[in-house]
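Open the model in your viewer and keep the selection tool at hand. The stops below go from one pair of side chains out to the whole chain.

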Amino acid sequence: MMHNANIVLVQSDLLFVSHPFVINHFPLVAVYGCCYFLFALFWFYRTGVFYYFFIDYRRPYAILTYLLVITVITISFFVGKFLSFLTSDDQLKIFTYPLIIVCVMSMCRLRDTLPRPVAAGMKK
């Protein structure tokens, strides 16, 4: 739910406020990612748990995974920049809003929160 709420809030901001994305904002994205990574390391040393497998530095291809995460974040930033450009044009807003809603809803993931029955002979 937390990730979905974030996506919906960012979509609402993009649609109703239309703050422009500029390339000068990208370092803030990088700083946020670094802060999250440092928090994940702190949490790992405190609890022994990484909540995302791709943050775990003990995996054999951790460096490649980090590069892939940086690439995905960069691409996501520029897609957001492009959508911001589309929403800034009043004539394109009619077509852009449904496109953004479809893109956002395709990223949202809903989970079945009901407990699943345990198969016979299996431990919980």
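**Stop 1: a pair of charges**

Select D56 and R58: their side chains meet in a salt bridge, 2.9 Å from N to O. The term stands for a side-chain nitrogen of Lys or Arg within 4 Å of a carboxyl oxygen of Asp or Glu. How many salt bridges does a search of the whole structure find? One. D56 has 12% relative accessibility, so it counts as buried. R58, at 53%, counts as exposed. The classes are buried under 20% relative accessible area, exposed over 50%, and partly exposed in between (1.4 Å probe, protein chains only).

This is a predicted model: local features need pLDDT of at least 70, side-chain atom pairs count only at pLDDT 80 or more, and totals for chains, interfaces and linings use all residues. Residues are numbered from 1 along each chain as its sequence is written, and side-chain values use heavy atoms, leaving out hydrogens and water.

**Stop 2: helix α2**

Now select residues 26–47, helix α2. Helices here are DSSP runs (H or I, at least four residues), strands are E runs of at least two, and numbering starts at the N terminus. The 22 residues of α2 reach 31 Å from first C-alpha to last, close to the 32 Å expected at 1.5 Å a residue. That expected span is 1.5 Å times one less than the number of residues.

Color A40, L41 and F44, which are buried in α2. Look down the axis of α2: its buried residues fall within an arc of 100°, so they line one face. The arc is taken over directions from the helix axis to the C-beta atoms. On the other side of α2, find L28, Y32, L38 and R46, all exposed. Just after α2, click G48, with its positive phi of about 80°.

**Stop 3**

Move to residues 62–88, helix α3, and pick L67. L67 is partly exposed, at 47% relative accessibility.

Buried residues of α3 include F77, G80 and L83.

**Last stop: the chain**

Zoom out: four helices, zero strands. Buried residues make up 18% of the 124 in the chain.
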